[in-house]
Amino acid sequence: NELVKNPTVCNKVMKGGGKVKGKKSSTACNYLPPLIGNNQFYHWANPPQDCANGPNKTDCMGPEGLDVYNGPVPMITHVHGAHTPPEYDGYAESWWLPKADNIPKGYKATGSYYGGPLSP
């Protein structure tokens with residue numbers, strides 16, 4: 001995807017078992033930070049699973065006072081004009097993170113409805 005440092009080299013790295021021309025790439029597949037950090041106090045795609053109320057999960061309001069989120073950008077696809085139910089077309093909890101090498105440990109890669117609400 002285009003949300004990693006060097007998508008072309010990253011694709012070659014993924015296909016080549018982690019190496020390009022005999023050298024392991026250390027940064028090609030690193031995620032790009034968001035242009036503007038996200039205030040975590042709003043209900044949002046929450047990869048760190050740090051919630052203000054209730055159990056920690058992937059879609060919630062973060063606790064007040066957290067630093068601005070500068071991790072990988074959660075993505076959701078929405079197609080204008082598509083004749084599909086909303087849970088399959090840009091549903092807020094169906095986000096996913098880029099396939100990057102430097103996703104922080106403990107972050108979830110997908111939201112609770114990724115793949116649709118009936119997904120396991």
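Residues are numbered from 1 along each chain as its sequence is written. In this predicted model, local features need pLDDT of at least 70, side-chain atom pairs count only at pLDDT 80 or more, totals for chains, interfaces and linings use all residues, and side-chain values use heavy atoms, with hydrogens and water left out.

Biologist: In what order do the elements of the protein run from the N terminus on?
Modeller: Helices (H or I, at least four residues) and strands (E, at least two) are DSSP runs, numbered from the N terminus. The protein has one helix and four strands. From the N terminus on, the order is α-β-β-β-β.

Biologist: Which residues form the largest nonpolar core?
Modeller: A nonpolar core is a set of buried Ala, Val, Leu, Ile, Met, Phe, Trp, Tyr and Cys residues joined through side-chain atoms within 4.5 Å. Buried means under 20% relative accessible area, exposed over 50%, partly exposed in between (1.4 Å probe, protein chains only). The largest such core has six residues: V4, C10, V13, C29, Y31 and A100.

Biologist: Is K57 buried, partly exposed or exposed?
Modeller: K57 lies in the loop between β3 (43–45) and β4 (59–61). Its relative accessible area is 44%, so K57 counts as partly exposed.

Biologist: Which residues is K57 in contact with, leaving aside its neighbours within four places in sequence?
Modeller: Contact means heavy atoms within 4.5 Å. P47, ten residues from K57 in sequence, is 8.4 Å away, C-alpha to C-alpha. With those neighbours left aside, the contacts of K57 are N46, Q49 and C51.
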